[in-house]
Amino acid sequence: MASFILSLLARLPLGALQKFGVFAGWLTYALSPTYRRRLRANLENALGPTEAARVWRSAVGETGKQALELPWMLKRPQAELVAKMVKVSGWEHVEAAEAKGGGILFITPHLGCFEITAQYFSTHRPITVLYRAPKKAVLQPLINAGRSRGDMHIAPADVGGVRRLIKALRAREAVGMLPDQVPGSGEGAWLPFFGRPAYTMTLAARLSEVAGVTTIFAWAERLPHGQGFHLRLRPPLVPLEGDTETRAAAINREMEAQIRENPAQYLWGYNRYKRPKGGAPAPSTPENQA
């Protein structure tokens with residue numbers, strides 16, 4: 001039944017789906033006190049009370065759009081997705097990386113339509129993306145099929161998947177990942193994210209250390225009224241250097257800068273500051289004690 005509903009949703013025009021998404025976003029906000037508190041608290045922590053008050057209503061709707069775009073992104077023909085990428089800024093950084101001859105590490109936060117970025121790139125060059133199995137098993141076949149077409153490949157978030165990513169980079173191909181998720185215990189480090197300790201994935205930092213790799217930060221801005229998307233690409237604002245934890249902290253800062261470009265389109269309702277199951281608690285800081 002769920003698969004049938006997702007197939008029906010995928011047949012709708014993107015603009016119509018995004019309108020339904022706004023409704024879904026507000027419905028979730030109204031029905032879930034926990035989600036409501038988390039979204040508002042994360043926004044206020046990151047942006048301050050004044051900016052959070054300006055942004056939160058848009059953030060509720062944009063989160064709903066993000067959710068209902070998924071079946072459209074995974075079930076529509078790839079050529080149709082690419083046609084919705086109506087503007088690209090920074091493609092010269094991709095060309096420079098290819099001329100250099102090494103692999104490319106694309107880093108994308110949960111900002112805008114993160115599903116379309118790798119889809120777009122895969123129509124130009126092979127790319128392997130890291131993924132975690134969805135909590136709802138019914139979505140697994142849809143995700144596998146939608147993310148494994150053409151020159152787009154998937155790697156699970158396990159030891160075998162990490163090896164696959166490293167192999168792709170060493171073969172001078174591209175890798176894509178969203179490192180603003182809470183990793184499993186022992187797979188990250190407590191590092192600042194918008195001023196608070198967040199258990200942070202260190203895999204992106206480790207991949208950036210692979211010889212010859214160029215790191216590019218990417219996100220696809222959702223344009224209004226179903227017009228499509230604007231892909232934005234740039235190198236790090238500050239070179240990624242130092243040991244793994246230093247690089248991971250720098251990646252957090254880079255993602256903060258991306259998010260500030262359009263904070264309404266970030267996934268603020270995600271429990272970014274949670275303690276991983278079986279993991280040590282966040283380090284004690286004055287902010288935590290307040």
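This is a predicted model: local features need pLDDT of at least 70, side-chain atom pairs count only at pLDDT 80 or more; totals for chains, interfaces and linings use all residues.
Helix H3 comprises 15 residues, 33-47.

Within H3, the buried residues are Tyr35, Leu39, Asn42, Leu43, Ala46 and Leu47. These residues cover an arc of only 100° around the axis, which means that they lie on the same side of H3. An α-helix has 3.6 residues a turn, so residues three or four places apart point the same way. The partners against which the buried residues of H3 pack are helix H2 (14-31), helix H4 (49-75) and strand S7 (196-201).

One of these residues, Leu43, also figures in the largest nonpolar core, which has 47 residues. Leu43 and Trp268 are the residues with the most contacts inside this core. Helix H11 (residues 244-261) supplies the largest share of the core, six residues. When residues up to four places away in sequence are not counted, Leu43 touches Gly48, Ala52, Val55, Trp56, Ala59 and Trp268. Another core, of 29 residues, lies apart from the largest one. Leu81, Cys113, Ile127 and Phe229 are among the residues of this other core.

Strand S7, against which H3 packs, is largely enclosed by the rest of the structure, because five of its six residues are buried. Strand S6 (residues 188-193) runs antiparallel to S7, and six bridges join the two strands. In this pairing, Gly188 stands opposite Met201 of S7. S6 and S7 form a hairpin, with two residues between the strands. Phe194, in the turn, has a positive phi of about 50°.

Asp151 is located in the loop that connects helix H8 (140-147) with strand S4 (152-156). The relative accessibility of Asp151 is 37%, so this residue counts as partly exposed; the class of partly exposed residues lies between the limits of under 20% for buried and over 50% for exposed. With residues up to four places away in sequence left out, Asp151 touches Ser122, Arg125, Pro126 and Ile127. Asp151 and Ile127 are 24 residues apart along the chain, and their C-alpha atoms are separated by 6.4 Å. Ile127 is also one of the residues in the core of 29 residues.

Definitions and conventions:
Residues are numbered from 1 along each chain as its sequence is written. Side-chain values use heavy atoms; hydrogens and water are left out. Helices (H or I, at least four residues) and strands (E, at least two) are DSSP runs, numbered from the N terminus. The expected span of a helix is 1.5 Å times one less than its number of residues. Buried means under 20% relative accessible area, exposed over 50%, partly exposed in between (1.4 Å probe, protein chains only). The arc is that of the directions from the helix axis to the C-beta atoms. Contact means heavy atoms within 4.5 Å. Two strands pair if DSSP finds at least two bridges between them. A nonpolar core is a set of buried Ala, Val, Leu, Ile, Met, Phe, Trp, Tyr and Cys residues joined through side-chain atoms within 4.5 Å.
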